[in-house]
2 protein chains.
Amino acid sequence: MTPPTSSPSTALLTDHYELTMLASALTDGSAERDCVFEVFARRLPDGRRYGVVAGAARLLEALVDFQFTDAEIDQLAATNVVDDDTLDWLASYRFTGDIDGYPEGELYFPGSPVLTVRASFAEAVVLETLVLSILNHDCAIASAAARMAAAAGTRPIIEMGGRRTHEYAAVAAARAAYIGGFATTSNLEAGRRYGISTRGTVAHAFMLLHDTEEAAFRAQIEKLGTDTTLLVDTYDITAGIDTAVRVAGTELGAVRIDSGDVGVLARQARQQLDRLGARDARIVVSGDLDEHAIAALRAEPVDAYGVGTAVVTGSGAPTANMVYKLVEVDGKPVAKRSESKESRGGRKSALRRHKPTGTATEEVVHQATSPPDPGEHDRVLPIPLVRGGEVADNLPTLEDSRQRLRHALVSLPWEGLKLSHGDPAIPTVFR
Amino acid sequence: MTPPTSSPSTALLTDHYELTMLASALTDGSAERDCVFEVFARRLPDGRRYGVVAGAARLLEALVDFQFTDAEIDQLAATNVVDDDTLDWLASYRFTGDIDGYPEGELYFPGSPVLTVRASFAEAVVLETLVLSILNHDCAIASAAARMAAAAGTRPIIEMGGRRTHEYAAVAAARAAYIGGFATTSNLEAGRRYGISTRGTVAHAFMLLHDTEEAAFRAQIEKLGTDTTLLVDTYDITAGIDTAVRVAGTELGAVRIDSGDVGVLARQARQQLDRLGARDARIVVSGDLDEHAIAALRAEPVDAYGVGTAVVTGSGAPTANMVYKLVEVDGKPVAKRSESKESRGGRKSALRRHKPTGTATEEVVHQATSPPDPGEHDRVLPIPLVRGGEVADNLPTLEDSRQRLRHALVSLPWEGLKLSHGDPAIPTVFR
């Protein structure tokens, strides 16, 4: 990997057993065996028709910082996690292997080999938790976001759920939601780290701070101009809209409604705004929206959505439940044999088959060494992410990933975009 | 607050609108009004009977690091979030107000004033997202963990869900689960940050790495001794246990079963281990356990549980849905008036009433300035956390919080500990 950065080490974002496995494997030489670990989801969350890959770029950053400095070694020594020989090995740890993965914004299905790590057992086994934490979180959020963005159509969604999840998960969630098709975020740290455009105006606290709604509107407009979003549901919405237009004039940018039956209220607000001459004033709705609520508002005069809790908690599926499984040792496939959790051995790759019209028909997962003949409309899915420990050049940007998803969703059979519970949009075929 | 530490600033873990509210409030002087913000949950997650407070100590750490250094100011300037006057104000931001809150490990109910922030509007409004992110996450995890620990009784639970949630949420989740009653964690960073005892032995990858199950067991025992946990379900469990005892002898520490119908398998394993003379070998079960699965295993010969996904995702309730509401301005109560989201104004405190037997009977939430007469068996719930910007001395330790919860759960009416859906264990009474 590239040299240490000033970031804090990510090396202890790791489960204890990864290091005891390493220690044990160092005793009999098995630690040096060539291994392939594969990340995949055995199934999609209940009733979901597709998953969205996100997190690869965050993983590659975390991998660069995965180093056992003196601070980590001292901690492991003080708590007797592993013996001195293992600590010596960890102190010089650098990942020198290869990683391939589905690019961010790509769709995945049950059994898709979303990430493949090739290295010695020792080098690869210690990455399990870091890899899974990042992919399980980010894929869960991006998958939920994509359903919401699809339901919203051309109407933009602002992500505003940071307060409903861990303070750093919030930052990653904003990024994953952006890949999923959200337009902007309220999260300032996501603005800083990822360049995502941030948005926000006022909360109810600002309204209550002032003696009257009018005073609050005036203060807001004085600072933010008339092209701002006034929050009109603190007291009486009809009176609030009257006041909003009186104070801002017909140039008013938007009103936000955050409570009540927002469909009905949006219709009434549209009529009232039009009657008052504020025909260009937009209507933003928020308040416990999820993909189903957004879909139910399709026919209503809503211009933008604010979505919080539902997206940052994966809308019922807060984790993608991906696993990191050893599939090959010294070139030979391996797999667990017990009944309920069968895995398929061997290093794999995948391609997606499409009709000439561009509609996806199946996900073909195959042994990496024996790819099927690629048809004219097939697409190989994994890309090289790391080679010999070095992060690949020219990886997709965040915008690329967002665009990739947009195109991928268009390629699904139409049933695949339905919000109702159903089977995966295309079958996974194992070759 | 205390002087800056070397930690990265937490100041941008903030929603855009907090700064635009600040900017607007600075224009008309309302920014300097004395305000009280209150954190509470309007309701518990569906069917839950109590919530568990966690996160306060993490919040106080994050508050110390909530400073707008040049890096944050430059970012806000470059993205035009707020004007220069507001940036000047932020550059010298220090929280100088007071914070009271329910101590970690305390129970909460709908409307419990879990945290109260008293400061100028300007100082308090910018903390909304940081406060809520930490409390919503940590309370959700601790609440789920408490149900699992109650179901497990005296059997220990190891938290092993780091891989199913964001990599830093994982660390906080391990801490919250510990408050909730879990015994140990797999997460090494939680061991470092919070001193929680970490545990782990091997995964299936270690078994598959070796040519035979026996070779894997031998390598593990050579390094970790016979008082270790052998994973016996990679191939055939009966054969695995035979091999385990043959290799480790009757001194074998434990076996772990991670798949299948773990109740039936545990019973068979117990009989087999006893027959083989390994009567002291413990049985650890894991694999998609939640509080209901744990409860269903009560009668089975299980010695310890490993819990992952369910605890780190809050077992169906990944966020506590707490809100941060302005309740008082310049000494006068304020509250939003709209129908669906009514709030109660005024700075509040709370006490919990108990029968002479110690059983809790009600949560009394009252105006802070007019406390009801405390009965002999009542307990005032909030404690001072910050005074004049300084973090209070002698705050409860992590062990204190864990003990507090243990005592608090014993005080609930017996229905309150049922896992089934129901009403809050005690009513909240507003005075």
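In which strand of chain A is the place of A:Thr229? In this predicted model, A:Thr229 belongs to strand S8 of chain A, which covers residues 229–231. The residue is buried, its relative accessible area of 17% falling under the 20% cut-off. When residues up to four places away in sequence are not counted, A:Thr229 touches A:Thr201, A:Gln220, A:Ala254, A:Val255, A:Arg256 and A:Val284.

The overall description of chain A is as follows. Chain A has 431 residues, of which 63% count as buried. Its secondary structure consists of 15 helices and 19 strands. Along the principal axes, the C-alpha atoms of chain A fill a box of roughly 80 × 55 × 40 Å. Of the contacts in chain A between residues at least 6 apart in sequence, 73% are between residues at least 24 apart. Two domains are assigned in chain A: domain 1 is made up of 16–141 + 319–397 + 410–430, and domain 2 of 201–285. The centres of domain 1 and domain 2 of chain A, taken over C-alpha atoms, are separated by 48 Å.

Helix packing was considered next, beginning with chain A. Helix H3 (residues 70–78) and helix H4 (residues 84–91) of chain A have axes that come within 10 Å and cross at roughly 165°. An angle over 145 degrees counts as roughly antiparallel, so H3(A) and H4(A) are described in that way. Their crossing is right-handed. On the H3(A) side the contact involves A:Ile73, A:Leu76 and A:Ala77, and on the H4(A) side A:Leu87, A:Leu90 and A:Ala91. By class, the residues of this contact are six nonpolar, no polar and no charged.

The corresponding elements of chain B were treated likewise. In chain B, the axes of helix H3 (residues 70–78) and helix H4 (residues 84–91) cross at roughly 165° and come within 10 Å. H3(B) is therefore roughly antiparallel to H4(B). The crossing in which H3(B) passes H4(B) is right-handed. H3(B) contributes B:Ile73, B:Leu76 and B:Ala77 to the contact, while H4(B) contributes B:Leu87, B:Leu90 and B:Ala91. The contact of H3(B) with H4(B) comprises six nonpolar residues, with no polar and no charged ones.

Helix H2 of chain B (residues 56–64) is largely enclosed by the rest of the structure, because seven of its nine residues are buried. The buried residues of H2(B) are B:Ala56, B:Arg58, B:Leu59, B:Leu60, B:Ala62, B:Leu63 and B:Val64.

Backbone torsions and loop positions complete the description. Most residues other than glycine have a negative phi. A:Asp330, which is not a glycine, has a positive phi of about 50°. It is found in the loop between strand S12 (322–329) and strand S13 (332–333) of chain A. With a relative accessible area of 42%, A:Asp330 is partly exposed. B:Asn394 likewise has a positive phi, near 55°, in a residue other than glycine. The loop that holds B:Asn394 lies between strand S18 (390–391) and helix H15 (398–410) of chain B. B:Asn394 is exposed, as its relative accessible area of 79% is over the 50% cut-off.

B:Gly225 is in the loop between helix H10 (213–224) and strand S8 (229–231) of chain B. This glycine is partly exposed, with a relative accessible area of 26%. B:Gly225 is 158 residues from B:Gln67 in sequence, and their C-alpha atoms are 49 Å apart in space.

Conventions. Residues are numbered from 1 along each chain as its sequence is written. Chains are lettered from A and ligands numbered from 1 in the order in which they are written. This is a predicted model: local features need pLDDT of at least 70, side-chain atom pairs count only at pLDDT 80 or more; totals for chains, interfaces and linings use all residues. Side-chain values use heavy atoms; hydrogens and water are left out. Buried means under 20% relative accessible area, exposed over 50%, partly exposed in between (1.4 Å probe, protein chains only). Helices (H or I, at least four residues) and strands (E, at least two) are DSSP runs, numbered from the N terminus. Axes are lines fitted to C-alpha atoms, for helices over the stretch in contact, and angles run from 0 to 180 degrees between N-to-C directions. Angles under 35 degrees count as roughly parallel, over 145 as roughly antiparallel, 65 to 115 as roughly perpendicular and the rest as oblique. A crossing is left-handed if the near helix is turned anticlockwise from the far one by less than a right angle, and right-handed if clockwise. Contact means heavy atoms within 4.5 Å. Ala, Val, Leu, Ile, Met, Phe, Trp, Tyr, Cys and Pro count as nonpolar, Asp, Glu, Lys and Arg as charged, and the others, Gly among them, as polar. Domain bounds come from an automatic or database domain assignment.
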